[in-house]
Amino acid sequence: MPYHFLEVAITPNVRLAQAEMAADQIWLGDHHRESDSFTDSELAFISARDSFYIASVSESGWPYVQHRGGPQGFLKIVDKKTLAFADYRGNRQYISTGNFAANDRACLFLVDYPRRARLKIYMHVEKLTLDADPALTDLVFDAGYRAKAERIFRLRLEAFDWNCPQHITPRYTEHEVEKAVAPLRERLAELESENVELRTRLEALGGK
């Protein structure tokens, strides 16, 4: 299997830019990196994310990058070549939605900041009404998430690749921080309880 992500990404002008920087020989030939189907590694990574960035292109040629967020795992796995998510009401500009109507190509960036890892994915986007596929609707909706869904986006994989960790600064969500400090809080509570017990004993001894 050739390095399909680069087959999509590298155009003649990209080749020229690589040649100008004496980097064109690095990416010539077959690198045999499969990217036409997610492996368990990518699926686990996607399921753990609570946000991602998605890029689209308008009819005028301008790119647009949007940040999407939600409960952990809100970007759902349909199968090893398909993802989906519910599109909830936001500022009602509908720039990405309009762009995908004209050009279904998208690029997703998913980042794990604590582990300094990022996954980039080329996908084709299909807009669906909420009642178009009941099984898919059940899959993408998260119980208890208070937001108004307006549509569903189903994404078909074209190619993916892992980026290097360079310049990814580790950052942690409130939930991740709370999870990390929970053992410390528990230990602190134990020590405070022991201190109270020791003080009580000392006071009892002092009273004798």
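Analyst: UniProt positions are given in the numbering used here, feature names are shortened, and annotations may be inferred rather than shown by experiment. Residues are numbered from 1 along each chain as its sequence is written, and side-chain values use heavy atoms, with hydrogens and water left out. The model is predicted, and local features need pLDDT of at least 70, side-chain atom pairs count only at pLDDT 80 or more, while totals for chains, interfaces and linings use all residues.

In the unreviewed UniProt entry, residues 43–129 carry the feature "domain: Pyridoxamine 5'-phosphate oxidase N-terminal". This span is 15% helix and 52% strand, and its end C-alpha atoms lie 25 Å apart; helices (H or I, at least four residues) and strands (E, at least two) are DSSP runs, numbered from the N terminus.

Strand β5, residues 105–112, is mostly covered, with six of its eight residues buried, where buried means under 20% relative accessible area, exposed over 50%, and partly exposed in between (1.4 Å probe, protein chains only). Two strands pair if DSSP finds at least two bridges between them. Strand β1 (residues 51–57) pairs with β5 in the antiparallel sense over three bridges, and I54 has L108 as its bridge partner in β5. β5 also pairs with strand β6 (residues 117–128), again in the antiparallel sense, over eight bridges, and here the bridge partner of L108 in β6 is I121. A hairpin is formed by β5 and β6, with four residues between them, and R116 in the turn has a positive phi of about 55°.
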